[in-house]
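Here is a short briefing to read alongside the sequence and the 3D view.

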Amino acid sequence: MSVRLRLTLSYAGFVLVAGFLLLSLVWLFLLRYVPDGAIEAAQFVPNRSDLLRAFAPRAEWAMVFLVAFGLAGGWFLAGRILAPLARISDAAELAGNGSLSHRIRMDGDDDEFRRLADVFDTMLARLEAHVDEQERFAANASHELRTPLAITQTMLEVARKDPDRDVDLLLERLQAVNTRAIELADALLLLHRTSRAPAADDPVDLSLVAEEAAENLLPLAERRGVSLEVGGVAAPCRGSEALLLQLTTNLVHNAVVHNLPVGGTVTVTTATEPGAVLLRVENTGPELDAADIPVLLEPFQRGRGRARTPGADHAGTGLGLAIAQNIVTAHRGELRFVPQAGGAVVTVRLPA
């Protein structure tokens with residue numbers, strides 16, 4: 001049986017029980033006190049049997065009426081009450097068929113159905129945003145992965161048609177393109193892993209992680225003429241040391257390669273505040289547009305007008321900041337990217 005039919009039968013049953021109780025009260029508190037024998041009086045006075053013969057048929061018709069009234073009224077009331085649920089069901093069916101843009105937008109009182117509809121609308125909005133993000137990611141990943149293959153095919157076709165081809169130069173270029181493709185595939189796997197795997201809960205000192213990341217990237221900074229400084233205080237937190245090292249490495253690497261061509265600086269500091277630890281990475285360079293900041297945290301996005309010196313040591317995949325954002329989210333933290341006059345400041349706030 002449908003919910004509406006079950007509610008209708010329930011309403012009718014309650015009405016029938018209420019009518020039976022009412023008739024029982026009439027019997028208990030009225031008819032039982034009327035004598036059953038003949039009553040001597042100047043005129044006819046009905047006794048209990050007379051009242052029962054007159055009352056019983058009408059009581060039966062009253063019960064029939066109550067059953068019919070309960071069924072009809074219950075069917076109507078159940079339909080009115082369940083009408084919002086039908087709208088939610090229709091929206092769920094549309095979502096199941098792939099239409100995530102539909103919203104219920106239920107009006108009326110703030111009751112259980114209204115709250116359920118609002119929660120369902122919020123869920124649909126998040127699903128739509130997630131699906132759109134995944135579609136953009138798939139399209140961008142396909143484009144990025146296709147580029148090295150297309151370059152390889154072009155170089156092979158040119159070399160095949162060139163009788164004076166330099167095999168060593170061709171192999172060197174193919175090696176560079178292949179390395180680029182491997183780095184991109186590794187970055188895609190890391191992005192997928194950081195977006196799904198929960199963070200560990202090990203004790204980690206963020207200041208030591210910052211020192212290790214800076215030490216690993218110091219040769220790159222020296223080659224590019226960038227001064228790399230690390231400072232701050234001990235910043236104990238809990239999480240995955242490997243992921244936090246990847247986070248810090250990505251931020252520092254991004255700050256080094258997107259810097260001034262000559263004489264740039266990168267400053268990495270750690271600090272504490274009540275209930276949280278902070279990691280701050282500041283660099284010099286061209287001023288960024290504030291409107292570009294949210295886009296930079298998405299996969300495959302690169303800033304406009306950011307200084308880059310040609311070289312293989314900074315051929316970015318456009319995934320570094322997206323991976324950093326995923327790691328921060330996995331650690332229940334917050335990442336803020338603030339442009340300033342001549343560079344930018346990235347601040348990571350994690351629970352202490």
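Which strands does helix α8 lie across? Helix α8, made of residues 320-330, lies across β6 and β7, and runs at about 140° to β6. Please keep in mind that this is a predicted model. With that in hand, let's look at the sheet, the salt bridges, one alanine and a surface patch.

**The sheet and its helices**

- Five strands make up an open sheet, and their order is β2-β4-β5-β7-β6.
- The pairing in this sheet is mixed.
- At the edges you will find β2 (226-232) and β6 (334-340), each of which pairs on one side only.
- On average, neighbouring strands of the sheet are turned by 15° against each other, if direction is ignored.
- Strands β2 and β4 run parallel, and seven bridges join them.

**Salt bridges**

- Side chains of opposite charge can pair when their charged atoms come close.
- The structure holds five salt bridges, and three of them are described here.
- One of them joins the side chains of R103 and E128, at 2.7 Å from N to O.
- This pair links distant parts of the chain, 25 residues apart: R103 sits in the loop between α2 and α3 (112-161), while E128 belongs to helix α3.
- R103 counts as buried because its relative accessible area is 14%, under the 20% cut-off.
- E128, by contrast, is partly exposed, with a relative accessible area of 25%.
- Another salt bridge is formed by E273 and R349, whose closest N and O atoms are 2.6 Å apart.
- E273 lies in strand β4 (residues 264-273) and R349 in strand β7 (residues 343-351), so this pair ties together parts that are 76 residues apart in sequence.
- Both partners are partly exposed: the relative accessible area is 31% for E273 and 35% for R349.
- The side chains of E282 and R280 also meet in a salt bridge, at 2.9 Å from N to O.

**A352, just for practice**

- Look for A352 in the segment after β7.
- Is A352 buried or exposed? A352 is exposed, because its relative accessible area of 59% is over the 50% cut-off.
- A352 and E273 are 79 residues apart along the chain, and their C-alpha atoms are separated by 8.5 Å.
- Setting aside neighbours within four places in sequence, A352 is in contact with P236, C237, G275, A276 and V277.

**A nonpolar patch on the surface**

- Which residues form the nonpolar patch on the surface? The patch is formed by M1, L5, L9, L16, V67, L71 and W75.
- Together these residues have about 590 Å² of accessible area.
- Two helices, α1 (3-29) and α2 (48-96), each supply at least two residues of the patch.
- W75 lies in helix α2.
- W75 counts as partly exposed because its relative accessibility is 39%, between the cut-offs of 20% and 50%.

Conventions:
Residues numbered from 1 in each chain as written. Predicted model: local features only at pLDDT ≥ 70, side-chain atom pairs only at ≥ 80, totals over all residues. Heavy atoms only, no water. Patch = residues over 30% accessible without salt bridge, like charges linked within 9 Å, V, L, I, M, F, W, Y side chains within 5 Å. Areas by Shrake-Rupley, 256 points an atom, 1.4 Å probe, with all protein chains shown as cover. Salt bridge = Lys/Arg side-chain N within 4 Å of Asp/Glu carboxyl O. Helix = DSSP H or I, 4+ residues; strand = E, 2+ residues; numbered from the N terminus. Buried < 20%, exposed > 50% of the residue type's maximum accessible area, 1.4 Å probe, protein only. Contact = heavy atoms within 4.5 Å. Pairing = 2+ DSSP bridges. Axes fitted to C-alpha atoms, helices over the stretch in contact; angles between N-to-C directions.
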